[in-house]
Amino acid sequence: MGKAEPLRNDPFPEIQREDDAGAAFVLESKGEWWHAGFHLTTAIVGPTVLTLPYAFRGLGWALGFVCLTVMGLVTFYSYYLMSLVLDHCEKSGRRHIRFRELAADVLGSGWMFYFVIFIQTAVNTGISIGAVLLAGECLQIMYAELSPDGPLKLYHFIAMVTVVMIFLSQFPSFHSLRHINLASLFLSLGYTFLVVGACVRAGTSKNAPPRNYSLEASSLSRLFSAFTSISIIAAIFGNGILPEIQATLAPPATGKMLKGLMLCYSVILVTFYSASVSGYWVFGNKANSNILKSLMPDEGPSLAPTWVLGLAIVFILLQLFAIGLVYSQVAYEIMEKKSADANKAVFSPRNLIPRIILRTLYMTLCGFFAAMLPFFGDINGVVGAIGFIPLDFVLPMLLYNMTFKPKKSSIIFWINTSIMVVFSCAGLLGSFSSIRKLVLDANKFKLFSSDVVD
């Protein structure tokens, strides 16, 4: 490890936290390391875990395991390096609580401040819209089981979810979500175990689907499928808000984030591998992009008890509310920095009224786009591939190299540089594959449709 470079005097006066309501209210620093672990787990371990068998479908057993393991190791390493950079800043008397502040300060470039804002806002808003869309789909699935010919459409359920999210969005700070995110952690374990159990039962039953693990016949199709699968796995491990999560820790934060990461990755180890193996084992190259749909085929009997699938869907629905809240915090912090008065109480009319109006407007817009674009999953695939790569696979390595300046002959320098180059290339190819899928699915797209495009 190289010697850390002393940090410069602050060239960015706009990021100072005097009278900064975004820092004082949304990113208040009161949490313990386990709270950071809850936030991280909610940010990473979501219903996208049920997409992993589909990712294996484009890679096969061996390459699927290799990619899942490498991606896990690289992201843990990446997040750990970023926490070290943040710890160094704090020890130097410059605690950064925002990704954009950290990047602009260490890299010494004003445009980087706005680059990170743009990428982070696009990714976080995309995930918030996706969470509302998927939550609406969960309600629609339950409604279809209870009333197959009912009049309600997908956008009706999205409206219901949006109303709930508007109420939940009034939690004033990231730290105030700690209990919700603890519940989210248990919900992720709950629906994963239910789905894994359902897959094992389906695979050993007399109605077990025929298994075929072969890849696509065309070499070009195999290549595109492989890079799409790699992009899916990279996006599943991504979060892009680690500095904001570390900001919730009570000072001194040094060393606490590593414990939070270990808690998060313990949950990842249990959920990601069990879901991948069980789902791909049962369905092979017929695995759906949501393994629940494979367990509930359009034709033939359900491959799992209705109550198991129903309970899993309820758990997913509840966790999606937590995910939507977590990924809205950066937007709330940006809004509150400009609209609130840090010298007034957090629940004073001066701060409460703008908070209610702005957060309601934000969630309403998320709900509107979720209803209008039920094919948003394809769009999010592109946003994820383009956004998560710089935030989670490039900037952490670059920030570490710029801060600690390891020798160019050192192993750590070449590991960091290799990760940046390899994942930048993978991100570009993954973006191309995601755009290709967007084009191929274009004929299925219909505004305000009642069917979600897989």
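## Basis of the values

Because the model is predicted, local features need pLDDT of at least 70 and side-chain atom pairs count only at pLDDT 80 or more, while totals for chains, interfaces and linings use all residues. Residues are numbered from 1 along each chain as its sequence is written, and side-chain values use heavy atoms, with hydrogens and water left out.

## Overall architecture

The protein contains 17 helices and 0 strands, where helices (H or I, at least four residues) and strands (E, at least two) are DSSP runs numbered from the N terminus. The radius of gyration is 22 Å, which agrees with the value near 22 Å that a compact globule of 454 residues would have; the radius is taken over C-alpha atoms, and the globule rule is 2.2 Å times the number of residues to the power 0.38. Along the principal axes, the C-alpha atoms fill a box of roughly 70 × 60 × 40 Å.

Of the 454 residues, 56% count as buried, with buried meaning under 20% relative accessible area, exposed over 50%, and partly exposed in between (1.4 Å probe, protein chains only). The accessible surface comes to about 19000 Å², of which 69% belongs to carbon and sulfur atoms; accessible areas come from the Shrake-Rupley method with a 1.4 Å probe, and for residues only the protein chains shown count as cover. Among contacts (heavy atoms within 4.5 Å), those between residues 24 or more positions apart make up 83% of the contacts with a separation of 6 or more.

Helix α14 spans residues 329-339, and its buried residues are Q329, V330, A331, Y332, E333, E336 and S339. The elements that cover these buried residues include α1 (21-26), α5 (99-107), α6 (110-146), α10 (242-247), α13 (306-326) and α15 (349-372).

Leaving aside neighbours within four places in sequence, R100 is in contact with F113, V116, I117, E333, I334 and K337.

## Salt bridges

A salt bridge is a side-chain nitrogen of Lys or Arg within 4 Å of a carboxyl oxygen of Asp or Glu, and by this rule the count comes to 9 salt bridges. One of them joins the side chains of R94 and D105 at 2.6 Å, N to O; R94 sits in the loop between α4 (60-91) and α5, D105 in helix α5, 11 residues apart. R94 is buried, with a relative accessible area of 15%, and D105 is buried at 0%.

The side chains of E137 and K293 meet in a salt bridge of 3.1 Å, N to O. E137 lies in helix α6 and K293 in helix α12 (residues 291-295), so the pair ties together parts that are 156 residues apart in sequence. E137 is buried at 8% relative accessible area, whereas K293 is partly exposed at 24%.

G367 has its place in helix α15 and counts as buried at 6% relative accessibility. Not counting residues up to four places away in sequence, G367 touches V132, I158 and T162, and the C-alpha atoms of G367 and I166, 201 residues apart along the chain, are separated by 9.9 Å. L365, also found in helix α15, is partly exposed, with a relative accessible area of 43%.

## The loop residue N212

N212 is found in the loop between α8 (178-204) and α9 (219-237) and is partly exposed at 38% relative accessible area. A polar contact of 2.8 Å joins the side chains of N212 and S214, and, leaving aside neighbours within four places in sequence, N212 is in contact with G284 and N285. N212 and F413 are 201 residues apart in sequence and 42 Å apart in space, C-alpha to C-alpha.

Definitions and conventions
A polar contact is a pair of N or O atoms within 3.5 Å; within protein, one must be able to donate a hydrogen and the other to accept it, and residues adjacent in sequence count only if both atoms are side-chain atoms.
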